[in-house]
Amino acid sequence: MIKHLLTLIWNQRKSNALITVELFLIFILLWVCNYQLYSNLKRLHEPIGFDFNHVYKVNMSELPETHPDWEDNRNKIEEIYTLIDRIKECPGIEHVSLSSYAIPFSSYSNTLLLSSSIGATQVKHGDIFPEFF
């Protein structure tokens with residue numbers, strides 16, 4: 001009985017060629033998907049090279065001019081440096097850094113468009129303190 005089935009399959013091999021090709025393509029597709037899943041999971045469990053526990057982000061913004069507590073202060077940079085110095089003096093604070101678009105696990109990016117007579121390109125840049133490193 002099995003020999004007869006194998007003989008039928010062998011005799012109809014031309015009509016089964018598309019099925020064989022389809023199964024081969026599905027095998028390749030599944031192999032690629034499994035490899036992608038494996039590499040993503042492997043990368044997820046690798047150490048990232050830095051400790052991000054007890055790292056906090058502080059957002060600062062200005063009061064609108066219509067706010068009753070608004071003051072016209074031209075020394076905003078000095079205020080920021082004063083705030084950073086006060087935070088550094090707090091007990092339990094190891095490091096303080098001021099950064100712009102350099103926050104771990106964020107999708108922020110700061111780009112500049114540089115153009116010349118030849119063409120244009122976008123460049124990513126960030127402004128940070130030396131203490132950041």
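These legends describe close-up views of one predicted protein model.

Residues are numbered from 1 along each chain as its sequence is written. In this predicted model, local features need pLDDT of at least 70, side-chain atom pairs count only at pLDDT 80 or more, and totals for chains, interfaces and linings use all residues, while side-chain values use heavy atoms, with hydrogens and water left out.

**View 1. The protein chain has three helices and four strands.** Helices (H or I, at least four residues) and strands (E, at least two) are DSSP runs, numbered from the N terminus. From that end, the order of elements is α-α-α-β-β-β-β. The chain holds 133 residues, and 4% of them are buried. Buried means under 20% relative accessible area, exposed over 50%, and partly exposed in between (1.4 Å probe, protein chains only).

**View 2. Helix H2 covers residues 17–44.** How far apart are the end C-alpha atoms of H2? They are 41 Å apart. The expected span is 1.5 Å times one less than the number of residues. The number of buried residues in H2 is one, so the helix lies largely in the open.

**View 3. A nonpolar patch lies on the surface.** Its members are Val 21, Phe 24, Leu 25, Phe 27, Ile 28, Trp 31, Val 32, Tyr 35 and Tyr 38. Together they have about 1,000 Å² of accessible area, computed by the Shrake-Rupley method with a 1.4 Å probe; for residues, only the protein chains shown count as cover. Patch residues have over 30% relative accessible area and no salt bridge; nonpolar side chains (Val, Leu, Ile, Met, Phe, Trp, Tyr) are joined within 5 Å, like charges within 9 Å. A salt bridge is a side-chain nitrogen of Lys or Arg within 4 Å of a carboxyl oxygen of Asp or Glu. Val 32 sits in helix H2. Val 32 is partly exposed, at 44% relative accessible area.

**View 4. Negative charges gather in a surface patch.** Asp 69, Glu 71, Glu 78 and Glu 79 form it. Asp and Glu count as negative, Lys and Arg as positive; His and the chain ends are not counted. Each charge is placed at NZ of Lys, CZ of Arg, CG of Asp or CD of Glu. Glu 78 belongs to helix H3 (residues 76–89). Glu 78 is exposed, at 51%.
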